[in-house]
Amino acid sequence: MPTPPVAYVIAGSEATGGAGFQVDLKTYQQLGVYGVGTLSCIVAFDPKNNWGHRFHPVPRQIIEEQIEVALACFDADVMNTAKVGMLGTPETIDAVAQGLAQREWKNLVVDPVLICKGQEPGAALDTDNALREKVLPLASVVTPNVFESKALSGMAEINTVEDLEEAAKRIGESVPYVVAKGGVELPGDEAIDVLWDGKEITRFSAPKVGNQRVSGAGCTIAAAITAELAKGADIKTAVGNAKKFVTRGINARVSANTPFDTVWQGAN
């Protein structure tokens, strides 16, 4: 039997199954990609305190050991595509950057979780700065949401699709491909994401399903882009397929005792 497409992910665990590492591996599997992963941190919501975040970083040595074994499993000609999600601390970011630098990646998708809920503001700022300095320069694709697009582009406001496009172009001065996710954050009946490929903007649109955020949507589309790239798709095809995939998952959202619904990656 031939080896299936393989993709790596470094991300945080989210125990409800609605975001993070769990979503990444479910997305890979659903799209026919074999997933290899390293846990960077653990987020455990507190159901007794309004589902607030409880954030637990994974010790650096354990992160390094996970990266070591993941890279030993598959050679670079088999596993050359990866996604980076939530990292959480400057020390984790340093360990991950050093680990990723051990291999030349054909595709490295960075979903830039700039603010880690559950951290103090000062710690969050240190994390932001470390991510920009050490991980973003390694990326071939970056997938910011509206908030992250503002932070990365230096724009004061993003209120329209045109603003989002301008942010993508600015971010694209240092990253080859930018997928700026508008989702439900921008006005109108359509959920619009934009791709800047260094030459032109491409819009990807789908009707909004309500106006409330669905947990895991950002993780899902970034993981789906990663999976499609691992299968050999070009960037526009990868983003287009990922947009359709996440839209199906949002339409089939899963409700639980949480105050948020989650994407269902298994939707047809």
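Helix H1 spans residues 20–30. Its buried residues are Gly-20, Phe-21, Val-23, Asp-24, Thr-27 and Tyr-28. Buried means under 20% relative accessible area, exposed over 50%, and partly exposed in between, with a 1.4 Å probe and protein chains only. Seen down the axis of H1, these residues fall within an arc of 165°, so they line one face of the helix. The arc is taken from the directions from the helix axis to the C-beta atoms. Helices (H or I, at least four residues) and strands (E, at least two) are DSSP runs, numbered from the N terminus.

This is a predicted model: local features need pLDDT of at least 70, side-chain atom pairs count only at pLDDT 80 or more, and totals for chains, interfaces and linings use all residues. Residues are numbered from 1 along each chain as its sequence is written, and side-chain values use heavy atoms, without hydrogens and water.

What covers the buried residues of H1? Strands S1 (6–14), S2 (34–43) and S4 (81–84) are among the covering elements, as are helices H7 (217–230) and H8 (235–251). Contact here means heavy atoms within 4.5 Å. Just after H1, Gly-32 takes a positive phi of about 80°.

Next, the aromatic rings. The structure holds three aromatic pairs. Rings of Phe, Tyr and Trp (its six-membered ring) pair if their centres lie within 6.5 Å; planes under 30 degrees apart count as stacked, over 60 as edge-to-face, the rest as tilted. Tyr-34 and Phe-74 have ring centres 5.8 Å apart and planes at 70°, so this pair is edge-to-face. Tyr-34 sits in strand S2 and Phe-74 in the loop between helix H2 (60–73) and S4, 40 residues apart. Tyr-34 is partly exposed at 44% relative accessibility, whereas Phe-74 is buried at 19%.

Now the charges. Side chains of opposite charge can pair when their charged atoms come close. A salt bridge is a side-chain nitrogen of Lys or Arg within 4 Å of a carboxyl oxygen of Asp or Glu. The count comes to 14 salt bridges. One of them joins Lys-134 and Asp-94, with the closest N and O atoms 3.0 Å apart. Lys-134 lies in helix H4 (residues 121–135) and Asp-94 in helix H3 (residues 90–100).

Lys-243 and Asp-193 are both buried.
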